[in-house]
Amino acid sequence: MGFWRKYVFSIDHKVIGIQYAVTGLLFLSCGFCLMMLMRWQLAYPGQPIPFIGSWLGDTRAPGGIMLPDFYNQLGAMHGTIMVFLGVVPLAVGGFGNFVLPLQIGAVDMAFPKLNMISYWCLFVGGVIMLGSFFLPGGAAQSGWTSYAPLADIAPTGQTAWLFGMIFLITSSLLGSMNFIVTTIQLRAKGLTFFRLPFFVWAQFVTSFLLLLAFPPLEAAGVLQLMDRLAGTSFFLPTGLVVSGEILQVSGGGSPLLWQHLFWFLAHPEVYVLILPAMGIVAEIIANNTRKPLWGYRSMVYSVIVLGFLSFVVWAHHMFITGMGTVMSSFFQTTTMIMSIPSVILLSCLFISLYGASIRFNTPMLFALAFLPMFGIGGLTGLPLGLSAPDIALHDTYYVIGHFHYIVAPGTIFALFAGIYYWFPKATGRRMSEFLGKLHFWPSLIFMNGVFMPMFIQGFAGVSRRLADGGVTYSFAGNVTPLNRMMSWSAWGLALAQLPFIINFFMSMRSGVKVGNNPWHATTLEWQAPSPPPHGNFTQDIVVSHGPYEYSVPGQKEDFLPQNQPAEA
Amino acid sequence: MMNLLPDAASAHAGGIDQIIVIVHWLMAILFVGWGAFFIYVLVRFRQGRNPRADYVGVKSKLSTWLEVAVAVVEAVILIGFAVPIWAERVDQRPPDEEATVVRVVAQQFAWNIWYPGADGVFGDQDIMLVDEETNPIGLVRSGNGADDITTINQMHLPVDKPAIVRISSKDVIHSFNLPQMRIKQDAIPGLQIPVWFVPTVTTAEMRTRKGDEDYNYEIACAQLCGNSHYSMRGFLTIDTPQEYQEWLDLEATYLSGGDEDDFWAE
């Protein structure tokens, strides 16, 4: 195989997984950079951006001072990039592709070529998204939610956003079908559904969410594209007057239709972001507590229930659009019911620690930190899921704090945990523990420094997406000074990622060499060589136990791999 | 936590603040409870102290009961507080005759406040008449509309009387946010959506309470509506009934000064 077929247009799930992961990491850092620029504007509104302000050009930041249009572009693209090009490619494309076939004892994904196409769709979507910054009028600037009519009448960047989204959605659809078929068809002999590692379950449910939730958004994206390019009015009502000019459209459309279609995707999407992360955390906790996951079966049932419920809560994002009592009661109730499987999942992970023999290595630290951080994110969802408190908290920084706790110190910590955990499998070398801890502790502190004050700002009523951080309003006067602390924490968080970057590249070349199973783990991926060759396993895999047979009484070793018979 | 929220100045604000506090108590109890357990197990079951893990772990059914307790508390909050508060907001709106009725037409980037005038009936709108300088809402200045009063970013309401605000938008989605009144409602083009509330503290009284001569209730936009979304700020003044009438009368005198083209020049 030539270089191109082996490393670029590869059909090996591991190479594609690494392609996804590296792409995801690059986009995560890109989305992070956009956010750091925004944080300057929030902390020091109207002051020239130091160092790089003059490079941004007169259409974005004349004299280094950021224009509100550019701020809105950064906001919309930060959200889009982080969700669709950062976390999803890394969590689903990266870990899913690399780990899932290994964990089920398969030689590859069911459709290797489809897998390759799925990655390249993502790549094209990413290039379109990044390129849109250089269009006249800049990138999309109507929020990652792209609410119509604002998005319908926005500059060209929005058209690019829609084209980009269509590629990203197509990528996810192809990927999700592949995961579903692979999980159902390619499990090793003896690997029944209730012997699957929890990570596989999480990816499996996630794939159904992607498969069922994304098509409505793809359709909605095409409709908005038609509104922008073909003169239709799917989301434009009659009688719009923009900047004193009557908008020459046929009208008769509904702006709320977009919101329903968007959130019908975007709420399940939240679970696409969180479930794979939970899967990773569950693997690492089982491994480093040296005992089976507590309540594995209830966790599996919970994750399935969560998947179903995530389709019937979407309108809790829309309480303030003028919802009646019946509808709001329905969506509040489903949202509250949602908290039950969520609490079960978190409880099982917490209780798994009881009676353990906990090893505090870097992956475990990130996985453990996930629990309380995700807990804060989940708990702060309660007041937002009830329509009455939502009157005060809707669209404030409280919401921003809530979902960032879920996705940043939640999901992203889990993803870091996964990188430290599976790095030895991918490279045959281990990452440095010292640099790992130097990465973990400052990240934990700075993450909270960025997001905790958002709740205080949210209580005070500061709206999100304000290009000056709220200083226009006197009711926000007491809490806008917090913006500086949050911004400095964000920049500190950037510095805290340096040990990770150094560690990543250094360990690839000169990390400590390890064997096939450095963590003494039970799941099947550790039975393959590190790194696994094309085709994965050098032995026949027949599974005879559940996924987490740690510290089984009567066994000499404290771990019993899934494919090895127990000692009599 | 109450003092983290904006000042409360409407009849229903207390109820909303109360449910926020109750939910946060539930959250705090869960977080502190789990947190204490978490710290205990991390210390107690570290490898150094417990070299061999227990295959079974927790045997008690306590967590199941905890789960049930959480569900029950949530149900109580939902049925006892959340749904009734919402029902009051959307179903128990008083009839127009008993309230001060105002219309708000949002636009990039201002709030058009529209009063029906002495006849108590709103005039018609015709988008062909829209002129950003003289008639931003396209009001037909004849018939019912002859005495209508419109202002930009200045809303006045009398204290202790229900106010009904009918909210719409000319262009994109905005969100009409009165933080001190605990009111937030999206302004959606093509729809006219009412909200109602009873302001209970006049601006003057709040100024005395806060010891701040410049204190104002503000109207904020809570939904991204374009590049100047951040500066889409209006003011709400809560008057005594007498002050309110005086203000309306003063605004009405601007109408009789000349034809409508001179309206904004006054």
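Reader: Which residue stands opposite Val104(B) in β2(B)?

Author: In this predicted model, Ile113(B) in β2(B) stands opposite Val104(B).

Reader: What makes β1 and β2 of chain B a pair?

Author: Strands pair if there are at least two bridges between them. Strand β1 (residues 100–107) of chain B and strand β2 (residues 110–115) of chain B have five bridges, in the antiparallel sense, so they count as a pair.

Reader: Why are β3 and β8 of chain B called edge strands?

Author: Let's start with the sheet. Its five strands lie in the order β3-β2-β1-β5-β8 (chain B), the sheet is open, and the pairing is mixed. Strands β3 (149–152) and β8 (193–197) of chain B each pair on one side only, and that makes them the edge strands. From one strand to the next, the twist averages 25°.

Reader: How do you know that β7 of chain B is largely enclosed by the rest of the structure?

Author: A residue is buried if 20 or more other C-beta atoms lie within 10 Å of its own. In strand β7 (residues 183–187) of chain B, five of the five residues are buried, so the strand is largely enclosed. Ile183(B), Gln185(B) and Ala187(B) point one way, Lys184(B) and Asp186(B) point the other way, and all are buried.

Reader: Which strand is joined to β7(B), and by how many bridges?

Author: Strand β6 (residues 174–178) of chain B is joined to β7(B) by five bridges, and the two run antiparallel. One of the residues involved is Asn177(B), whose bridge partner in β7(B) is Lys184(B). The hairpin of β6(B) and β7(B) has four residues between the strands, and Arg182(B) takes a positive phi near 55° there.

Reader: Why are α9(A) and α2(B) called roughly antiparallel?

Author: Helix α9 (residues 325–352) of chain A and helix α2 (residues 62–91) of chain B have axes that come within 10 Å and cross at roughly 160°. Angles over 145 degrees count as roughly antiparallel, and α9(A) and α2(B) are therefore given that name. Their crossing is right-handed. The residues of this contact divide into 13 nonpolar, eight polar and three charged.

Reader: How many residues does each chain bring to the contact between the chains?

Author: The contact takes 83 residues from chain A and 77 residues from chain B. On the side of chain B that touches chain A, α2(B) gives the largest share, 15 residues. By class, that side has 46 nonpolar, 17 polar and 14 charged residues.

Terms used: Residues are numbered from 1 along each chain as its sequence is written. Chains are lettered from A and ligands numbered from 1 in the order in which they are written. This is a predicted model: local features need pLDDT of at least 70, side-chain atom pairs count only at pLDDT 80 or more; totals for chains, interfaces and linings use all residues. Axes are lines fitted to C-alpha atoms, for helices over the stretch in contact, and angles run from 0 to 180 degrees between N-to-C directions. Angles under 35 degrees count as roughly parallel, over 145 as roughly antiparallel, 65 to 115 as roughly perpendicular and the rest as oblique. A crossing is left-handed if the near helix is turned anticlockwise from the far one by less than a right angle, and right-handed if clockwise. Ala, Val, Leu, Ile, Met, Phe, Trp, Tyr, Cys and Pro count as nonpolar, Asp, Glu, Lys and Arg as charged, and the others, Gly among them, as polar. A residue is buried if 20 or more other C-beta atoms lie within 10 Å of its own, exposed if 12 or fewer, and partly exposed in between; C-beta atoms are placed from the backbone. Two residues are in contact if their C-beta atoms, placed from the backbone, lie within 7 Å.
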